[in-house]
Structure formats: structure tokens, C-alpha cells
Amino acid sequence: MAKRERRVGYGWPVLLATGVHIAALMLTIVKWPESESDPTSSSVVQATLVRAETATDQPQQTEDSTPPASQPEEEDVQEPEEPAPSESSEEPASDSDAEVTDSAVEEAQAEAQRLQEEAQRAEEQRAEAERKRQAEAEAERKRQAEAEAERKRQAEAEAERKRQAEAEAERKRQAEAEAERKRQAEAEAERMRQAEAEAERKRQAEAEAERKRQEEAEAERKRQEEAEAERKRQEELAERAAQANDSSLDSMISDEEQSIANAKQASEAANGFKNLVRRYVEQNWNIPSNASSELRAIVRIQLLPTGELVSATITQSSGNSVFDHSVINAVEKAAPFREMRELDASVKGQFREFNLDFNPEDIRR
Amino acid sequence: MNDSMSIPHLIMNASLIVQLVMLLLLAASIASWIIIFQRSIALRRAEKAYRDFEDHFWSGVDLNELYRDLPAEQESVGAEHVFRSGFREFNRLMPKTQSTDAVLEGVQRGQRVALSREEDRLQLHLTFLATVASASPYIGLFGTVWGIMGSFQSLSMAQQATLSTVAPWIAEALVATAMGLFAAIPAVIFYNRLSAHAGRLLGKYENFAEEFHAILHRNLQGRSEREAS
């Protein structure tokens, strides 16, 4: 007795506990796909259900309504017959004490008459019942016809609804496909823009390196030329003037070339810096939700040579003060522009003050 | 979109700490269910054993015989244990002393020890259930708070905060709270149920001990009167 209950092992409890958890997990996993597929299937089911209701309900009602109508008829037919035998059995019993023959004759006559009346009444009732039944059948036929018409109308409405739903679904699908295409195109454009910015930056860096190398080479050449000139000056006084003239001409030509190259590089760097500033500002720009894409604001930005922001003012307002404010905020948030320090002096001067053009269409997607 | 919001997907995508919290809660839940099943079975068996023993005890069997039939001290549980320790004390003290009070006191002490052991055995592991019940909602809440913290940190990098960028993170974090409640609710319910059951059974043992004590007392009283006369 005692041995059986002594120890309760942990084997079964472990199995049961893991079973409980697996069941709970299955519930969470299985329930999701069901709830997802619900809306699509339910619409179909609802459609068939409505139809089934209208098709079966009304015939059932008409069938239900016929038996109560026919039952009273039967009762009517049976009732008049019942009292007849009971009366006929009672009366002979009461009259049997008196004259037997008289009463027998009278009774027979009365009986016959009663029977006749009975038969007549039954006939009338039957006719009545027949008429009723016909009226009933007529009503029945009418009701069925109505039900039929009703069913047809509902089926048509159903078909119409379905067609509309399909058209709706088709339109939606097309809209989605359209949206998808647009999104992809935008993503593509974004990627291209980024690639361009990247290329721009690279080009700028290369130009910078190139310019430095050229400057160094120039300085070297100058030093050499100076040394050369010095030596020549010391050695040949007579030829010195002519030589000096030559070298100055050479340097002037090279200076000119250098300045042209510098200007080119500067314009490139300027473009790059402007793009950079624009990107920073756009990243920090919280576009007001009600801003339409027609709004456009131009901001004048003043910077220190170190890239610090001195001031940002609206030069051309968009007409929407919230929008203007958001633009100013974005610029203030994006500052300072540390890349300013890496520009060279000539370009820097250009960027002490410049305009930025803001339009939500460029950013929003 | 819907696929990414399914619960397994959310769990797989959660951050490491949230996943650890979830793992802890899962372990707590499994352990508490093991204890729930083990204790339920053990208590049901103990109750059945007590009923069988009581029937046997009150069927008029000779107590010496009953004592011999029972298994050894270490293996007997429940009311048998109480009976055995009381009766053994009685048998040992009887030849040594004439004082009935001393004998009865010894018997009572033996029974008290046996009862406290039985109490221990019945309420084994129930404190773990209570711990899970009270702690796991907090652990789950910690996971949720941590997950939402992470979501806001990553939100600060995003350009614009809309509901669709916040919602998946928060849903993910809330799974931890759901798991904490999933572990805690059964633990609370079954802790109350099982501890009430154990208490009831212990009360029955105590009643039995008193009854047994009364029987011994009656025996001793009869004997001392016989000796006196």
C-alpha cells in the first residue's frame, strides 16, 4: 500500500510541462495565419451565405404555412359527423318507454332528415374547404413567384456587388503596383544621387591633391629658377638683364596657367561644399506635415571661416511661416560645417555668404 | 508586414538582453509547470494514501500488528509516519517507566517531529512557485523597458518618427511582458491551490495524531487502574 505512493518522480511532470508550453506555442503560431486569411475567405463565405438564406428561407416559410391551413379543414369535416351518432343513440334510449312504433317511425324520419341535412352540410363544408384550398394554393403560387422574383433580384444584386468588389480589387492592385513602381524608381533615383555625390567628393579630393602637387612643383621650379638667376647674375653681368627678362616671362606664363587651374578647382570645390551643406541641412530638416510641394524658401547663410554659423535669414519667404521657421531651424541644427576649414582661402571667401534653396519635393519620398 | 509582426519573428529579432529575459522567463515557466504537475500528483496520492490508512486503522486491527506491517521508519510517509513514530516511542518507554505522563509526553514529542517532517515534505518546492508568481512580471517588465529604451535610441537616428517606425519595436518589447504574465498567472493560481491542499492534508494528519494519542491515553489509564486495584 505504502510503496506505491512513496515517491512521485519528475518524469511525467516534465513531459506534461513541456507539452503545455508546446501547445501554447502552437496556439500563437497557428492563430496568426488564420487571422490573416480570414478577411479574404469571409467575404466569399458571406456571399454564399446570404444567397443560401434567401433561397431556402422563403420556401420553408410557405411550407410551414400550408399545414396549419389544411388542418382546420379536416377538423371542420370531421366535427359535424361526430355529434350525429351520439344524438341518435341517446334519443332512442329516452323514447323507448313510450310508444315504440310511433317513436320508431318518427325517429326514422327524423333520422333520415338529419342524415340528409348532415350530408348537405358536409357537402357545403367540403365545397367550402375546396374553395379555401384553391385560394390557399393560389396564394401559395403567388408567394412562390414572389420568392422566386426576390431570389432573382438578390442574386442579381449579389452578382453586381461581386463585380464591383472585383473591379475595386483590380483598381487597388493596380494602384499598389503603381506605388511599388514609383517607390522603386525613387529608390533608384536616390541611389544615383548618392553615387553622384560620392563621385563628386572623390573628384574634389583628387583635384585638391593635384593642385597641391602642382603648387609644390611650382615652388620647386621657382626656387631653382631663382638660384639659376642668381648664379647667372653673378657670372654674367651683361647677359643678366636678358636672362632675367626671359625667366620672368616664363614665370608669368606659368602663373597664369596656375590661376586658371585654381579657378577651375575652386568652382568644383564650391559646388561640392554647397552640396555638402545642402545634404546636412536636409538631414536635419523636419518638414512640416502640411507643407505642400509648391512651397519654396531661399535662405541666406553666413559662415565664419571655421564653418560656424553666423546667421541664417530668409531672403525669399515661402509664405508659410511654419515652413520658414522649420528651414531656419534645420540650418541651425546642421551647423557648424567643419568642411569649410578644408577649403582653400579663395573658395572660402565665396562661402562666407551664400544662398540655399529649400523645396520639400527634393527630399520627401 | 504581417509576416514580420508574427510572434516568433518578433522574438528572433529582439535585442540580446530582451532575448535573455525571454529565455529566463521561459525557463521559469517550464520549471513552475513541472512543479505544478509534480505537486498535484504527489498531493493527490498522499490524500489517497491517508484515506486508505485511516480505513485500515479504524477497521479494528490490532495496533501491534499494524505497526509490524508498516514499512521501516525511513520509508513511511504521511499518517503512517506519524503513527509509527508515536507507537515506537510508546513501545520503548513502556518497559522503562511507570509514569503514564512521561510515556504520553514521549509519544507526543515523537508525533510532533513526524508532523513537522510531513509538513516539510508536503510543501516541498511550493516556495519556488510563489517566487515565480511574484517575480516574473517584474522580469518581463524589465525586458519591455529595455526593449523600448533601445527602440527610442534607434529612433533618434531616424529622420522622421512615424507610427510604423515605432510600432514593431514596441510590439517586440511587449512580448517580454506577455511572457512574464504567461509564467506568473498559472504560478499564482496553483500556488494558492496547492498550498491550501497541503494545509488541509496537514490538518488531517494532526487530527489523526490527536486521536491516536487519545487511544494510547485510554489504554494507559486502564492499565494503571488495573495495577492500582
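In chain B, helix H5 passes helix H7 in a right-handed crossing, where right-handed says that the near helix is turned clockwise from the far one by less than a right angle, and left-handed that it is turned anticlockwise. This is a predicted model, in which local features need pLDDT of at least 70, side-chain atom pairs count only at pLDDT 80 or more, and totals for chains, interfaces and linings use all residues. Residues are numbered from 1 along each chain as its sequence is written, while chains are lettered from A and ligands numbered from 1 in the order in which they are written.

Back to that pair of helices. H5(B) covers residues 100-122 and H7(B) covers residues 163-228; their axes come within 10 Å and cross at roughly 165 degrees. That makes H5(B) roughly antiparallel to H7(B). Here, angles over 145 degrees count as roughly antiparallel, under 35 as roughly parallel, 65 to 115 as roughly perpendicular, and the rest as oblique. The axes are lines fitted to C-alpha atoms, for helices over the stretch in contact, with angles running from 0 to 180 degrees between N-to-C directions. Helices (H or I, at least four residues) and strands (E, at least two) are DSSP runs, numbered from the N terminus.

Among the H5(B) residues that meet H7(B) are B:Val103, B:Leu104 and B:Val107, and the H7(B) side includes B:Leu201, B:Leu202 and B:Tyr205. Being in contact just says that two C-beta atoms, placed from the backbone, lie within 7 Å. Sorted by class, this contact has 12 nonpolar, six polar and three charged residues. Nonpolar covers Ala, Val, Leu, Ile, Met, Phe, Trp, Tyr, Cys and Pro, charged covers Asp, Glu, Lys and Arg, and the others, Gly among them, are polar.

H7(B) also has helix H6 (residues 126-155) of chain B alongside: the two axes come within 7 Å and cross at roughly 175 degrees. That makes H6(B) roughly antiparallel to H7(B) as well. Their contact divides into 25 nonpolar residues, 10 polar and one charged.

Then there is the contact between the chains, which takes 19 residues from chain A and 24 from chain B. On the chain A side, helix H1 (2-5) and helix H2 (11-81) are the elements that give two or more residues. The largest share, 12 residues, comes from H2(A). By class, this side of chain A has 12 nonpolar, four polar and three charged residues.

Chain A itself has seven helices and three strands, and from the N terminus its elements run α-α-α-α-α-β-β-α-α-β.

The three strands form an open sheet in the order E2-E1-E3, with antiparallel pairing; strands pair if DSSP finds at least two bridges between them. Strands E2 (309-316) and E3 (353-358) are the edges, each pairing on one side only. E1(A), residues 297-303, pairs with E2(A) over six bridges. One of the bridges joins A:Ile301 to A:Ala312, and A:Ile298 stands opposite A:Gln316. E1(A) and E2(A) form a hairpin with five residues between them, and A:Gly307 in the turn has a positive phi of about 100 degrees.
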